[in-house]
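Dear colleague,

My notes follow below it, and I would be glad if you could go through them with the structure beside you.

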Amino acid sequence: MKNQGSDQISQDCFHEDPITENQRLKSLLLCMRCKSNDANVLFLPCAHHRMCTDCARGISKCPVCQQTIQTSVQTVLT
Ligand SMILES: [Zn+2]
Ligand SMILES: [Zn+2]
């Protein structure tokens with residue numbers, strides 16, 4: 001039995017479902033470190049999005065999963 005493609009639920013923390021991620025962003029808009037700025041940096045490859053540019057600037061590991069950050073991408077929330 002295969003799961004239906006439209007009902008795919010990813011349990012893999014390295015690949016987050018876009019819908020789940022969107023819901024998470026709505027409730028986790030604030031940076032997890034300073035809790036005052038909006039979280040607007042996406043860490044790759046782990047794809048966590050929990051910190052603001054100010055707090056992300058000096059760190060080399062994701063504070064959520066402790067993975068080494070290879071790239072951080074600034075996101076723009078509209
Ligand atoms: Zn911050
Ligand atoms: Zn992470």
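What geometry does the site of the zinc ion (ligand 2) have, with its 4 donor atoms? The site is tetrahedral, with angles of 107 to 114° among those donor atoms; four donors count as tetrahedral here if all angles lie between 85 and 135 degrees. For comparison, the ideal angle at a metal with four tetrahedral donors is 109.5 degrees.

Before going further, please keep in mind that this is a predicted model, in which local features need pLDDT of at least 70 and side-chain atom pairs count only at pLDDT 80 or more, while totals for chains, interfaces and linings use all residues. Residues are numbered from 1 along each chain as its sequence is written, chains are lettered from A and ligands numbered from 1 in the order in which they are written, and side-chain values use heavy atoms, with hydrogens and water left out.

Confidence and overall make-up

The protein averages a pLDDT of 81 (the predictor's confidence in each residue, from 0 to 100), and 67% of the residues score at least 70. Confidence is lowest in H1, with a mean of 65, and highest in E1, at 96. Where pLDDT is low, the predicted coordinates should not be read in detail.

There are 2 helices and 2 strands in the protein, and from the N terminus on they run α-β-α-β; helices (H or I, at least four residues) and strands (E, at least two) are DSSP runs, numbered from the N terminus. Of the 78 residues, 26% count as buried, where buried means under 20% relative accessible area, exposed over 50%, and partly exposed in between (1.4 Å probe, protein chains only). Among the contacts with a separation of 6 or more, 36% are between residues 24 or more positions apart, a contact meaning heavy atoms within 4.5 Å.

UniProt, in an unreviewed entry, lists residues 31–66 as "domain: RING-type"; its positions are given in the numbering used here, feature names are shortened, and annotations may be inferred rather than shown by experiment. Over residues 31–66 the chain is 11% helix and 11% strand, and the end C-alpha atoms lie 16 Å apart.

The zinc ion (ligand 2) is coordinated by Cys46 (SG), His48 (ND1), Cys62 (SG) and Cys65 (SG), at 1.8 to 2.3 Å. Donors are N, O and S atoms within 2.8 Å of the metal (3.2 Å for Na, K and Ca), and since water is not among the atoms, sites may look incomplete. Along the sequence these donor residues follow the spacing C-x1-H-x13-C-x2-C. Cys62 is buried, because its relative accessible area is 0%, whereas Cys65, with 27%, is partly exposed.

Cys34, in the loop between helix H1 (18–27) and strand E1 (41–44), and Cys52, in the loop between E1 and helix H2 (53–56), are 18 residues apart, and the pair links distant parts of the chain. Cys34 counts as partly exposed, at 29% relative accessibility, and Cys52 as buried, at 2%.

Other residues to look at

In the loop between E1 and H2 you will find Pro45, which is joined to Leu44 by a cis peptide bond with omega of about 15°. Ala47 lies in the loop between E1 and H2 and has a positive phi of about 70° although it is not a glycine. Gln66, in the loop between H2 and strand E2 (71–74), has a positive phi as well, near 70°.

Thr68 is placed in the loop between H2 and E2, and, leaving aside neighbours within four places in sequence, Thr68 is in contact with Leu44, Pro45, Ser60 and Lys61. Thr53, in helix H2, is partly exposed at 24% relative accessibility, and its contacts, with the neighbours within four places again left aside, are Asn40, Val41 and Gln74.

With best wishes

Notes. Four donors count as tetrahedral if all angles lie between 85 and 135 degrees; four count as square planar and six as octahedral if opposite donors are over 155 degrees apart and all others between 65 and 115; anything else is irregular.
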